[in-house]
Amino acid sequence: MAAWLHHGRRGRLTWGSVKASPEAQLRLLELADLDAELSRLEHRRRGLPEHAELDQLGQRDAQLRDTLASLDAEQGDLRRAQVKAEADVEQVRARIDRDRQRLDAGQVTSPRDLENLQSEIASLVRRQSDLEEIVLEVMERQEGAQERREAAAAERDVVTARRDAQLSEIGEQAVKAADQRATVAAQEPADLLTLYERMREQHGGVGAAALRGGRCEGCHLSLNTVDLNSIRAADPDEVLRCEECRRILVRTPESGL
């Protein structure tokens, strides 16, 4: 295995057997850029704020399910109360109609009985009004419960749609980058690609870095004069590695050599 080893700051260098054309080495930088892009896309995919929103909504949903179970039971009671209230109202109306018919027919002749009946009619009218208010309250509570359920479902749908749109966009970008990566990787010598993949797995997902301005772009370490002189003396097809970050170190026109 070819290696440029940087021990401390004395610049002692050793070389191995892997060689590749300068063009093949430069393609490693394109490969590294694509790997970095794929990593960024994966990080973006995992870090979408919609994931956290949906997690929070999931927690709310768990609470809402308990609440809805209670509301469903309450709605059943309210429906039964509504049916009873409506039946009571109808009974009151029927009683009032009968009592008024008795008054109109002159069937009540005692002033006291007439007074009592009129008082009872007034009481029944008040009862009727109370029952109607109960019916309205029942209906309002039912509508409120239904609105809360619909609002919760709508919020989940909005967040899910936003998340799916983001995932679709990221997925398209990832497919494009992966296709480009496959095209570049297919042009690389097998031994060089094997070395790159090993370094990529071991050292942060990107296996090669450029040498620019006398500095490794992987670990941002500036090389000393001895190291740079050794690199100048190396054959163009020698595959170099940075001892600090272990990435393949690729010489470029901007290397400062």
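## A walk through a predicted chain

Of the 257 residues in this protein chain, 35% count as buried. The model is a predicted one. Its secondary structure comes to 5 helices and 4 strands. Read from the N terminus, these elements follow the order α-α-α-α-β-β-α-β-β.

The largest nonpolar core has 23 residues, and the members that touch the most others are L28, L31, L192, Y196, V239 and I248. Several elements supply at least two residues each to this core: helix 1, helix 3, helix 4 (190-202), strand 1 (208-212) and strand 4 (248-251). Helix 1 gives the largest share, with 7 residues. In soluble globular proteins, nonpolar side chains tend to be buried together.

Charged side chains also join parts of the chain. The structure holds 15 salt bridges. One of them pairs D35 with R200, with 3.7 Å between the closest N and O atoms. Because D35 belongs to helix 1 and R200 to helix 4, this pair ties together parts that are 165 residues apart in sequence. Is D35 buried or exposed? D35 counts as buried because its relative accessibility is 3%, and buried means under 20%. R200, at 25% relative accessibility, counts as partly exposed.

A second salt bridge is formed by R181 and E197, at 2.8 Å from N to O. R181 lies in helix 3 and E197 in helix 4, so the pair ties together parts that are 16 residues apart in sequence. Both R181 and E197 are buried. Salt bridges with shared partners join D35, R181, E197 and R200 into one network.

Another salt bridge is that of E53 and R162, whose closest N and O atoms are 2.8 Å apart. E53 sits in helix 2 (residues 49-104) and R162 in helix 3, so that distant parts of the chain, 109 residues apart, are linked.

E150 counts as partly exposed because its relative accessibility is 48%.

S21 is found in the segment before helix 1 (22-46). The relative accessible area of S21 is 32%, which means that S21 is partly exposed. Which distance separates the C-alpha atoms of S21 and P189? These atoms are separated by 9.4 Å, although the two residues are 168 residues apart along the chain.

Most residues other than glycine have a negative phi. H220, in contrast, has a positive phi, near 65 degrees. H220 is found in the loop between strand 2 (215-216) and helix 5 (225-233). For R246, phi is also positive, near 70 degrees, and this residue too is not glycine. R246 lies in the loop that runs between strand 3 (240-241) and strand 4.

Definitions and conventions:
Residues numbered from 1 in each chain as written. Predicted model: local features only at pLDDT ≥ 70, side-chain atom pairs only at ≥ 80, totals over all residues. Heavy atoms only, no water. Buried < 20%, exposed > 50% of the residue type's maximum accessible area, 1.4 Å probe, protein only. Core = buried A, V, L, I, M, F, W, Y, C linked by side-chain atoms within 4.5 Å. Salt bridge = Lys/Arg side-chain N within 4 Å of Asp/Glu carboxyl O.
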